[in-house]
Amino acid sequence: MTFNVKADNISLKYKDFEAVKNVSFTLEEGKTYGLIGRNGAGKTSLLSILASFQESNSGTLTIGGENPFENRNVMPHVSFMYESDYSDEYEPVKSYFEFAERYRPKFDRAYAEELSASFRLPLDKPIKQLSSGMQSALNATIGLASRTPVTILDEVYLAMDAPTREVFYKEVIEEQARHPRIMILSTHLVSEMEYLFDHVLILHNGSLLINEPIDEIVSRGATVTGDKNIVDDFVKGMRQINTQHLGNTKAVMIYEQLSEDKYVEAQRLGLEVGPVSLQELFIHLTEED
């Protein structure tokens, strides 16, 4: 059975607040998806629907062709790891591994212990006594070692230090190669993690703003720099998402696929056309007026 995900116009309301608005997408096995958005964009609400923590108010969601909500054929194959409050958890780490083994049919205990060693995560220490960074490492370990066909990691890196995050990123890449699955990484660290993504979904105010392969998104962004009058003429009619001035020089960030002829024209006009990172595009595409 394949566990491809299909969402069709799903929405979620909390009283009068619409957290997710008519969102549609498909997710395919073997791809790592970056889910990014500003605080309050609706990321965790959307992920909670995917993980069957709650149902959407409208629209349809299928995983492996079935509605996942309270579906015993689907739910064991979807894991959702996020920052948790472990202040009352007296059990040691290894007890959580035993729990995961019981409910996740593909959980690899040996790999979990190997990851724990890489993260320097003590197996016998009560979870409530672990540092916040070690608790994040525990979430990442369970998420990766569960090897569920749909693996959702919602900012599990949050309290990790830089060296530990690097271990996590390396494991994401290697696990996707060893055991291909749908992996969803929700993050604010766009510049640090964008190389992990095959495909990006950008949520903004509950709506899906971007849903494309990362190469297509980045290739569409460019900064055109040069004499302000020449730049203005060149970018007329294009989608302009940021502008900077310095004397007679102007730099305009565009979100538009430039043809080869336009690159040649820019060179002839003495304009510089430079690349734009995913983080820059994310910042300016989601700016409020």
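Reader: Where is serine 52 found?

Author: This is a predicted model, and in it serine 52 sits in the loop between α1 (43–50) and β4 (58–63).

Reader: Is serine 52 buried or exposed?

Author: A residue counts as buried under 20% relative accessible area. Serine 52 has 9% relative accessibility, so it counts as buried.

Reader: What is the phi of serine 52?

Author: The phi of serine 52 is positive, about 65°, although serine 52 is not a glycine.

Reader: Which phi does arginine 120 have?

Author: Arginine 120, not a glycine either, has a positive phi of about 60°. Its place is in the loop between α3 and α4 (132–146).

Reader: Is arginine 120 buried or exposed?

Author: The cut-off for exposed is over 50% relative accessible area. Arginine 120 has 73% relative accessibility and therefore counts as exposed.

Reader: How are two packed helices described?

Author: Two quantities are used for packed helices: the angle between the axes and the distance between them. Here the pair is helix α3 (residues 109–119) and helix α5 (residues 162–178), whose axes come within 10 Å and cross at roughly 155°.

Reader: How do α3 and α5 run relative to each other, parallel or antiparallel?

Author: An angle over 145 degrees counts as roughly antiparallel. The helices α3 and α5 are therefore roughly antiparallel to each other. The crossing in which α3 passes α5 is right-handed.

Reader: Which residues of α3 and α5 make the contact?

Author: From α3 come Tyr111, Leu115, Ser118 and Phe119. From α5 come Thr164, Val167, Phe168, Glu171, Glu175 and Arg178.

Reader: How many residues of the contact of α3 with α5 are nonpolar, polar and charged?

Author: In this contact of α3 with α5, five residues are nonpolar, two are polar and three are charged.

Reader: Where does serine 136 lie, and is it buried or exposed?

Author: Serine 136 lies in helix α4. With a relative accessible area of 6%, serine 136 is buried.

Reader: Which residues is serine 136 in contact with, leaving aside its neighbours within four places in sequence?

Author: With those neighbours within four places in sequence left aside, serine 136 is in contact with Val156, Tyr157, Leu158, Ala159 and Met160. Valine 156 is 20 residues apart from serine 136 along the chain, and their C-alpha atoms are separated by 5.5 Å. A polar atom of the serine 136 side chain lies 3.5 Å from the backbone oxygen of valine 156.

Reader: In which strand is aspartate 227 found?

Author: Aspartate 227 belongs to strand β10 (residues 221–227). Its relative accessibility is 28%, so aspartate 227 counts as partly exposed.

Reader: What is aspartate 227 in contact with, leaving aside its neighbours within four places in sequence?

Author: Apart from those neighbours within four places in sequence, aspartate 227 is in contact with Asn248 and Leu271. Aspartate 227 and asparagine 248 are 21 residues apart in sequence, and 6.0 Å apart in space from C-alpha to C-alpha. Their side chains make a polar contact of 2.7 Å.

Methods. Residues numbered from 1 in each chain as written. Predicted model: local features only at pLDDT ≥ 70, side-chain atom pairs only at ≥ 80, totals over all residues. Heavy atoms only, no water. Axes fitted to C-alpha atoms, helices over the stretch in contact; angles between N-to-C directions. Helix = DSSP H or I, 4+ residues; strand = E, 2+ residues; numbered from the N terminus. Parallel < 35°, antiparallel > 145°, perpendicular 65-115°, else oblique. Left-handed = near helix turned anticlockwise from the far one by under 90°. Contact = heavy atoms within 4.5 Å. Nonpolar A, V, L, I, M, F, W, Y, C, P; charged D, E, K, R; others polar. Buried < 20%, exposed > 50% of the residue type's maximum accessible area, 1.4 Å probe, protein only. Polar contact = N/O pair within 3.5 Å; in protein donor to acceptor, adjacent residues only side chain to side chain.
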